[in-house]
Amino acid sequence: MFSSLRIRNYRLFFLGQVVSNTGTWMQRIAQDWLVLSLTGSSAAVGITTALQFLPMLLFGLYGGVLVDRLPKRPTLLATQTAMGVTGLALAFLTLSGHVQVWHVYLAAFAVGLATVVDNPARQSFVSEMVGPGQLQNAVSLNSANFQSARLVGPAVAGVLITGVGTGWAFLFNGLSFVAPIVGLLLMRARDLHPVERAPRGKGQLREGLRYVAGHPELIWPIVLVGFIGTFGFNFPVWLSAYADDIFHAGAGGYSLFNTLMAVGSVAGALLAARRGTARLRILIAAAVAFGILEVVAALAPSFWLFALLMVPIGIFGLTVNVTANTAVQMGTDPAMRGRVMALFMMVFMGGTPLGAPLVGWVTDAYGARVGFALGGLVSAVAATTVGLVLARVGGLRLSVGWHHGHPQVGFVPKDAGEQKERLATAV
């Protein structure tokens with residue numbers, strides 16, 4: 001389960017991210033609370049979130065082009081430093097009493113711009129640290145790292161905000177970037193798995209898009225992640241509505257729902273790390289289960305049944321994310337990995353700001369149960385459709401039979417062919 005931590009460079013990276021991710025979650029909570037206290041407007045909080053994700057939606061593909069051209073470790077040193085400085089600047093403004101809402105907007109947009117390059121650089125740098133043999137394990141542990149910080153960061157932020165104010169949460173986040181920066185500086189360059197960088201040239205963005213379009217084992221998982229990210233991951237909208245309107249549980253219920261989902265996400269990441277494979281059939285099965293569980297949870301009659309369903313939803317949601325991430329990385333030429341992962345993250349992260357207003361409107365107009373069920377239904381239908389498309393493109397057919405007295409359902413190859421054989425192997 002933790003095999004990739006034996007690699008010194010990845011261990012340094014992982015430990016740095018433990019500290020930094022905790023600070024990131026602290027800033028997210030403090031940032032929203034500060035905007036709400038300055039304006040009294042939930043719409044202003046939504047604007048802050050949109051500004052943080054907007055750069056990835058607008059410039060994500062260009063970030064991938066840059067990442068393929070640049071050396072990953074110096075690039076990460078620059079982006080991590082920029083995000084740390086942003087946190088320190090916000091801390092100074094808040095602690096000095098001069099902060100205004102436009103400062104927070106500007107900081108959120110600045111972090112979003114840094115993320116445009118930082119995210120695909122971090123994603124593709126993992127393979128340089130651990131090599132292809134440990135990639136699935138390392139990607140899974142990264143997700144477990146991030147989700148564990150999701151449990152700790154908000155709790156610590158809540159204590160700091162209540163006790164001494166939001167400025168100290170920003171200060172901790174700014175200082176937390178020292179850990180990954182030191183980790184990057186201590187890495188041994190000779191232990192990295194070198195990747196040939198793409199030369200500077202025209203048309204590299206189009207080249208990346210053509211590359212993805214020509215590989216069904218890449219484009220269809222990205223399409224699936226786009227649907228699920230846009231329609232299935234709008235939990236702030238649904239969980240707050242269930243806590244407030246359906247079960248009348250208040251902030252405590254909302255916190256419990258998020259905590260149980262984070263527990264499931266950590267479990268899902270660790271199970272993916274232990275599994276060690278990233279087959280597309282696992283991705284499709286997990287996506288179908290994720291959508292069905294959302295529909296079941298939407299109809300849950302009691303508070304505790306709904307709360308307990310958050311755990312398996314977290315498990316399958318994280319399994320979808322990790323499996324798709326790893327399958328796309330392992331199926332991509334190293335020289336293209338920055339552009340492909342930028343597209344992956346742009347679709348996954350950029351879809352949420354687009355889908356959230358629509359899902360929010362449905363939830364307001366028809367109720368939380370209808371909104372949640374619709375998101376799950378879209379996810380399940382998208383997963384089923386993508387699974388059938390992959391099976392057809394890969395030259396597979398459905399096989400139903402018996403094995404040791406038990407029914408067995410699966411896909412088997414129809415015929416041979418280079419692309420079909422590659423896709424069938426991936427599935």
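## Two helices crossing

Helix α1 passes α4 in a left-handed crossing (the near helix is turned anticlockwise from the far one by less than a right angle). This is a predicted model, where local features need pLDDT of at least 70 and side-chain atom pairs pLDDT 80 or more, while totals for chains, interfaces and linings use all residues. Residues are numbered from 1 along each chain as its sequence is written, and side-chain values use heavy atoms, with hydrogens and water left out.

The axes of α1 (residues 8–39) and α4 (residues 101–130) come within 12 Å and cross at roughly 160 degrees; axes here are lines fitted to C-alpha atoms over the stretch in contact, with angles from 0 to 180 degrees between N-to-C directions. So α1 is roughly antiparallel to α4 (over 145 degrees). Helices are DSSP runs of H or I, at least four residues, numbered from the N terminus.

In contact terms (heavy atoms within 4.5 Å), α1 residues including Tyr10, Phe13 and Leu34 meet a set in α4 that includes Val104, Arg122 and Met129.

## Aromatic pairs

Rings of Phe, Tyr and Trp (its six-membered ring) pair if their centres lie within 6.5 Å, and that rule gives 19 aromatic pairs. Take Phe306 and Phe372: their centres are 6.0 Å apart and their planes at 70 degrees, so the pair is edge-to-face (over 60 degrees). Phe306 sits in helix α13 (residues 303–330) and Phe372 in helix α15 (residues 368–393), so the pair ties together parts 66 residues apart in sequence.

Both Phe306 and Phe372 are buried (under 20% relative accessible area, 1.4 Å probe, protein chains only). They also belong to one aromatic cluster, with Trp238, Tyr242 and Trp304 among its members.

Key: Rings of Phe, Tyr and Trp (its six-membered ring) pair if their centres lie within 6.5 Å; planes under 30 degrees apart count as stacked, over 60 as edge-to-face and the rest as tilted. Buried means under 20% relative accessible area, exposed over 50%, partly exposed in between (1.4 Å probe, protein chains only). Angles under 35 degrees count as roughly parallel, over 145 as roughly antiparallel, 65 to 115 as roughly perpendicular and the rest as oblique.
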